[in-house]
Amino acid sequence: DSYPELLVHSEKGPNLFYQNEKGTRFIEVPLNIGGNFDQAQSFHSTDINNDGSLDLLLIKDGKSFAELLGNGSFEFIHSPNKAAIKLNRLQSNSILNSIQTADFDNDGNLDLYISNYNENDLILRGNGAGRFIDVMRNSGLHKSLNHESHGIVLSDFNNDNLVDIFLFYRIPAENQLGELYINEDNFHFKKKQTEMFYTNRMPNVFSAISNDFNNDGFSDLLLFINEDNIHLYLNDGKANFRYYSKEAGFTDSVLHPEPSNGVIATADVNNDGYLDLFAGSDLYFNNSQTHFTKSNNITGLNFIGNPVFSDFDNDGDMDIFVGSSRNALGSGDRSALFKNNLDNDNFLKIKLIGSSSNKNAVGAKITLLGYDENNKLIYKTQRQNSLGSNPMNQADPTSVHFGLSPRLKYKLKISFPSGVAKEVESISPGSIITIYELNLIERIYTDFIKSLNRTYSIVNPFIEIIKILILVVLLYLGISISFIKKYLSRKITSYLIIFIVLLYLIVLYSTISHGQLYSIAYSYGSTITLFFVFAFLYAKIIEKNESKFISHYKLLEVIGVGGMGKVLRAIDTNTKNVVALKVINPTLLKDEENQKRLSAEGEILSSFHHPNIIRVFEVAKTPEHVFIAMEYLAGGTLEEFISKNHPIDFALAKEFLLQICEGLITIHEKKVIHRDLKSTNIMFDKEMNVRIMDFGLSKSPLVTTMTSLGTVLGTLGFVAPEQVTNINVDHRTDIFSFGVIMYQIFTNQLPFKGENEIALIHSIFNTTPADPNEFNPNIPDGIKNIVFRCLEKNPENRYNSMVEIKKELNRF
């Protein structure tokens, strides 16, 4: 909600978690996480499983580590990854242990670095689902022991888009204040030899931070050395540092009464574009010459401790929370929140949403460029998201703050850890900008893949297969002993079980992060319940359908659905014969002209008695339905036969074509035009005799209606050009469609093709089909001449009758 919360170490009791009430007040919220983790000595907040919600990592002692997964509110659950991290060598009871996260190998998953005070540290590779593997052994990191290391600072010091490590010591190791390790990728680090961090004295380095203090676009280093001056080292972008403390104004010794790794923090407090510094108890203002001036007397800050900057009231300026211990500093209030009272809009806040990179885009580089009125670049600074803070006090991982000068025009350059680059032009002061690494479609896909990875990393595939098999057995057993068995065919049962198994996987995917027991109970309970609910409803529907009648026809099953309506297998209760009952789509009958046409043509259809024309027994209507009762054919369609038997023996193909000719001759003799001749409207009886069906019903008003129903596209490949324009349509239109069928019989292809209706119509009007012999070289010479004459664009160039075509075919 853009209002940062606080998680605070408590010296003599449970740690405190405070909810930010829109910047007006903080309310303590109990974590209720069990295992005494509310008294953890170290914690860190980040999105370890790439789901978009901040999680918590807690170390209670040397062997107890907790991953708490967040859901975007104040509820956390323990990660189902029980063995995600094993801590067997952490120094217990040390508040100077610390946890930091970064994507060290830029694989899109956050990794962990755990500082272990006087013992060896741990670096752990994350898999993006909350599981981590210790990779310290071959990392090249060699910490000097017994020098009281207070932690590390993370940043890309050599500007190669990989996160490097600065390891500092309270007690110098071999005269070194700290050691710089350059990331060479794949969790291999190389120590950079430099004399810059050597010392002849024995100073106590309490803390360190990194940021671009001199606005040159590179990460500098700043060390808090107790009872010595603050050390500032400027970076040239290649991890070469030069000492700059005196020039920066850090000449006086600083003092902090307790050893701590959280003494210093940095932010642009006065929104002037230059990073300021809080150290111990003092606030230093920075300027364009990278010179720091102590400003306690004008800011009202008068508290010593461990600071963290954040915009707690979301007004665009950085507030500061400071906490310290009673043990070192005495009784009384040991924490204070100071609200920044700047009253201007000279700020910019950036929220980054990663996808290929980690979700919070930790490690992303944000470069702010400022231009004068002549568009000359005069200002440049860089932040590295969530990196560079002191080991104890984590920076807000959800936003990055910049101060702006009202005199300049700005633009942003963002480089995500994945290498994706973004630019934002024309920045307005007072803006809060959200920048996504990927576009919406890419984000959805990437986030889905990562969520599958989270689920897969938690589940045990072998156990899940066993659970699915048990689920299938339970479902089959349930069906076998219930009344619904007689209503569910084996095919329907199989489909239903496949659906339920898919549903089980979806429920598992949605609930696995809540723990195995919860997931098993919910996934099994919900899927088994839904299965039997679906099965029961399906059985009831079937039972109801079986009892339905239309007129004197008992309906058995739906055998086809199209724009004209649906076709059912039915029994004529008068004759006991099985018939095909076509129930006309009510939408077609809203037009009175269609009703008259259907009635008139019904009489014609019923009058046909020909072995190659389907027998129509009745065209009638009831109060609810208009239907056509016709001969039931069990031999399938010509299209199905071609698909299964191509190439078809010529003699058999010729026989089919002659039978179609015979049927069309009879139809045309009665002055009826089929208009919808296609291979799916030609069926076979049990003896494989051809039957022409579905003719005489596709006059132009019906075609118009069917087009609105989205059903003509399937037949467009068979229609003649004049039928598309509905101009001069006569029996030669059927001859064109017959030519298409001939082409399909011999080639198993349609002569005209297109990816959509417009493309197909263009092909019909403008394209000459490929030679059928290219697809079937066994076609006799001369056949293609018949096909191409039937397919002439101009009806005048086609055959005049089916009788002529029959004669031509009989020559072969």
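**Entry 1**

I looked up S386 and found it in the loop between strand 31 (377–384) and strand 32 (400–403); helices (H or I, at least four residues) and strands (E, at least two) are DSSP runs, numbered from the N terminus. The model is predicted, so I note that local features need pLDDT of at least 70, that side-chain atom pairs count only at pLDDT 80 or more, and that totals for chains, interfaces and linings use all residues. Residues are numbered from 1 along each chain as its sequence is written, and side-chain values use heavy atoms, with hydrogens and water left out.

S386 is not a glycine, yet its phi is positive, about 65 degrees. I recorded S386 as partly exposed, because its relative accessible area is 21%; buried means under 20%, exposed over 50%, and partly exposed in between (1.4 Å probe, protein chains only).

I then turned to A361, which also is not a glycine and has a positive phi of about 55 degrees. A361 sits in the loop between strand 29 (347–353) and strand 30 (365–371). Is A361 buried or exposed? A361 is buried, because its relative accessible area is 0%.

I located N109 in the loop between strand 8 (98–102) and strand 9 (111–115). N109 counts as buried because its relative accessibility is 12%. Apart from neighbours within four places in sequence, I found N109 in contact with N50, D103, G126, N127 and G128; contact means heavy atoms within 4.5 Å. The side chains of N109 and N50 make a polar contact at 3.2 Å. A polar contact is a pair of N or O atoms within 3.5 Å; within protein, one must be able to donate a hydrogen and the other to accept it, and residues adjacent in sequence count only if both atoms are side-chain atoms.

D282 belongs to strand 24 (residues 282–285). I counted D282 as buried because its relative accessibility is 15%. Its contacts, leaving aside neighbours within four places in sequence, are L277, K294 and N296.

**Entry 1: domains and nonpolar cores**

I noted the division of the protein chain into domain 1 (6–338), domain 2 (459–515), domain 3 (549–631) and domain 4 (636–810); such bounds come from an automatic or database domain assignment. The centres of domain 2 and domain 3, taken over C-alpha atoms, are 41 Å apart.

Which residues touch the most other members of the largest nonpolar core? In this core of 63 residues they are L638, I660, F738, M742, I805 and L809. A nonpolar core is a set of buried Ala, Val, Leu, Ile, Met, Phe, Trp, Tyr and Cys residues joined through side-chain atoms within 4.5 Å. Domain 3 and domain 4 each supply at least three residues to this core. A second, separate core has 21 residues, among them L352, F416, I427 and I435.

M742 contacts L657, I783, I786, V787 and L809, neighbours within four places in sequence being left aside.

**Entry 2: helix 13**

I checked the length of helix 13 (residues 731–747): its 17 residues should span 24 Å at 1.5 Å a residue, and the end C-alpha atoms are 25 Å apart, which agrees. The expected span is 1.5 Å times one less than the number of residues. Helix 13 is mostly covered, with 16 of its 17 residues buried. N748 follows helix 13 and has a positive phi, near 60 degrees.

**Entry 3: N612**

N612 lies in the loop between helix 8 (592–607) and strand 40 (616–621). Residues up to four places away in sequence not counted, N612 touches Q659, E662, G663, V690, R691 and I692. The side chain of N612 reaches the backbone oxygen of V690 at 3.2 Å.

**Entry 4: a cis peptide bond and the cysteines**

I found a cis peptide bond between H646 and P647, with omega about -5 degrees. P647 is placed in the loop between helix 9 (638–645) and helix 10 (650–669).

How many disulfides are there? The count is 0, a disulfide being a pair of cysteine sulfur atoms within 2.5 Å. For C661 the nearest cysteine sulfur is that of C790, 8.2 Å away. C661 is buried, with a relative accessible area of 0%, and C790 counts as buried at 0% relative accessibility.
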